[in-house]
Amino acid sequence: MESIYYVMTFLCHRNCPHCYEDRFHPYYGDELTEVVGQSRANFARIIDNFPETMRFRDAVGVSQRGRIILAGGEVLLEAVRESVLYPGLDQLDAKYDGDVDLIVQTTGDLLTDRIVEELLAHHVRTISVSGIDAFHAGLEKESAREALIDKLRAMFERHGADHHFFGANPDSWIGKIWPRGRAWTNNLSTATIEDNFCNGWSGGLKFLDDGKAGAEVSVEPDGKVYPCCMKTGLEIGNLLDEKLSAILARLRGNPVYEAINAGAPQRMGLAHGWSEAKFLERSKATKPDGTAYANLCVGCDAFHRDVLTRSVGLVQIGS
């Protein structure tokens, strides 16, 4: 694979209004014990079922080293940092004998000099700060975002840490906001039917092409695998049960997943009575505030809900 986006925990210290996943939020008491326990219990088994190699061939056929992005939620929170993230990083480094780029994604506000040192000691190549946008509390003003960037950049430079910054800004790839989770509830997605999230990075495009450039899947703390970061209505398999290579092999040739792989979700139902016109019609929705909305992700959800069913833990075509 070129990339695996591994959400190690649903635990987060924020409740951002634009978040695509309702399960990313603070937890307390028994719920905290449960969500942290899930991550601790599953990460080693999940990593065991990652590909045997994280090498891929670029557009001209040259072998390149792939990446694994470890994220949350907020994976730097104390409850999971030392008991899940650090041993997971060590396991990944050992599994691939260092032949993989390990990236930790964080909102950035929990970073300290000590944590940066620890991340580097646990084989992290790049620290990716994803919270640089006005949706994050305390960063509503541009001056506040610039101050955080300056603070973190100085910290990274002190330790020689590779890094980059991004956020849900209007000119970015996620600027129009995915129609999911709290972002949907809060009417924040500005995407239209022309905005094909599937046909791009972290969408479903090329997810089946393991060993080639562009191949990426998303993995959850419970082992569920999805062809895109935003997640389809049903998982494509579970890494607690089988290897990622077996999951992908099973889906090749299936017209539903080949359409997603081609970045053309409107074609996923052609073999099952859903014309492109029907898919586009089912891509229409009404936002919670009553305004009309249309996006291909809505059609994908409808198709998964109405046509696909779960059977023995695998996604199969329903009757």
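These legends walk you through several close-up views of one predicted model. Local features need pLDDT of at least 70 and side-chain atom pairs count only at pLDDT 80 or more, while totals for chains, interfaces and linings use all residues. Residues are numbered from 1 along each chain as its sequence is written, and side-chain values use heavy atoms, with hydrogens and water left out.

**View 1. Inside the largest nonpolar core.** A nonpolar core is a set of buried Ala, Val, Leu, Ile, Met, Phe, Trp, Tyr and Cys residues joined through side-chain atoms within 4.5 Å. Buried means under 20% relative accessible area, exposed means over 50%, and partly exposed lies in between (1.4 Å probe, protein chains only). The largest such core here has 94 residues, and those with the most contacts inside it are I4, Y6, F50, I68, L85, L111 and L119. Take Y6 as your guide: leaving aside neighbours within four places in sequence, its contacts (heavy atoms within 4.5 Å) are F43, I46, I47, F50, I69, L70, A71, V219 and E220.

**View 2. E21 and R23, a charged pair.** A salt bridge is a side-chain nitrogen of Lys or Arg within 4 Å of a carboxyl oxygen of Asp or Glu, and a search of the whole structure finds 21 of them. In the one between E21 and R23, the closest N and O atoms are 3.0 Å apart. E21 counts as buried because its relative accessibility is 8%, whereas R23, at 31%, counts as partly exposed.

**View 3. K243 meets E52.** Here the N to O distance of the salt bridge is 3.9 Å. The two residues are 191 residues apart, so to speak of place: K243 sits in the loop between β10 (237–238) and α6 (244–251), and E52 in the loop between α1 (29–48) and β2 (55–57). Helices (H or I, at least four residues) and strands (E, at least two) are DSSP runs, numbered from the N terminus. K243 is partly exposed at 36% relative accessibility, and E52 is exposed at 60%.

**View 4. D306 and R282 join two helices.** Their side chains meet in a salt bridge of 2.8 Å, N to O. D306 belongs to helix α9 (residues 296–306) and R282 to helix α8 (residues 276–282), so the pair ties together parts that are 24 residues apart in sequence. D306 has a relative accessible area of 43% and is partly exposed; R282, at 28%, is partly exposed too.

**View 5. The surroundings of T107.** You will find T107 in the loop between β5 (101–106) and α3 (113–121). At 11% relative accessibility, T107 is buried. A polar contact is a pair of N or O atoms within 3.5 Å; within protein, one must be able to donate a hydrogen and the other to accept it, and residues adjacent in sequence count only if both atoms are side-chain atoms. The T107 side chain makes one with the side chain of E74 at 2.8 Å and another with that of D109 at 2.6 Å.

**View 6. Helix α2 beside α3.** The axes of α2 (residues 78–95) and α3 come within 10 Å and cross at roughly 35 degrees. Such axes are lines fitted to C-alpha atoms, for helices over the stretch in contact, and angles run from 0 to 180 degrees between N-to-C directions. R81, E82, L85, Y86 and L89 in α2 meet R114, I115, E118 and L119 in α3.
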